[in-house]
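This report describes helix packing, a nonpolar core and a pocket in one protein model. The structure is shown first.

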Amino acid sequence: MRVLCLRDNPAQQWSDLRQSIMDRLKSENEALMRRLRELESSGVVADTESSGASRGEELVPRESWEVLQKEKEELEDVVKQKEKRLLRLQQVFTAKSAEFREAIASILGLKLAFYPNGQVRVTSIYDLSASFVFQPLSKSSTGGDGARMQLIAQGEGGPQDLPQLMHYWVEEEQCIPGFLASVTLECYDKSKREGGDLSGAIRALSSS
């Protein structure tokens, strides 16, 4: 019975690689054994502290040294490749983050800034002084019913009836999306009455 297979199939590649490694180890082992017999026959005792590094290098067979050098170069290549990949991922992440912020500003009229401690600053694109800082509540505070945010700080701007909006939407209804939507409408109407360039505001925030 004959079995047809590709000459360069995965099984053959693995077999060739294993044989190559075995041959290299065998050659290195033979060199070490020869060196050991030479040292035993000459009665030399390696003392690296008294003879220095050069004496230690003489005791290491060339085959072993070449193997170590090759492994070092391979590791350096792997590190370089991973650094390039990490840099590329950072560049992609930065570009996608900018696209995300532009989309949020264009669709919701809000600019978002995320902080490492989990806090989020929300700024209206129609009134840059109308900003609010939220932080996530602990699971024990929310009763385990999903992530919820708490208003902890605010800017100096915003609509005139901001205290009433905060009292109704944040304290009574506990609905931050409703609060932000109301603030956005109020800031939009105020900017429109004052003749502000609404499209310019979005472009300015997108480029910042």
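The buried residues of H6 are covered by elements that include S3, S4 and H7. The model is predicted, so local features need pLDDT of at least 70 and side-chain atom pairs pLDDT 80 or more, while totals for chains, interfaces and linings use all residues. Residues are numbered from 1 along each chain as its sequence is written, and side-chain values use heavy atoms, without hydrogens and water.

Within H6, Leu162, Leu165 and Met166 are buried (under 20% relative accessible area with a 1.4 Å probe, protein chains only; exposed means over 50%). They lie on the same side of H6 because they cover an arc of only 95° around the axis. Pro163, Gln164 and Glu171 are exposed on the other side of H6. After H6 comes Gln174, with a positive phi near 50°.

The largest nonpolar core contains 17 residues; Phe132 and Leu162 are among those with the most contacts inside it.

Leaving aside neighbours within four places in sequence, Phe132 is in contact (heavy atoms within 4.5 Å) with residues including Val122, Leu162 and Phe179.

The lining of the largest pocket comprises 8 nonpolar, 2 polar and 1 charged residues.

Note on methods:
Nonpolar A, V, L, I, M, F, W, Y, C, P; charged D, E, K, R; others polar. Core = buried A, V, L, I, M, F, W, Y, C linked by side-chain atoms within 4.5 Å. Helix = DSSP H or I, 4+ residues; strand = E, 2+ residues; numbered from the N terminus. Arc of directions from axis to C-beta.
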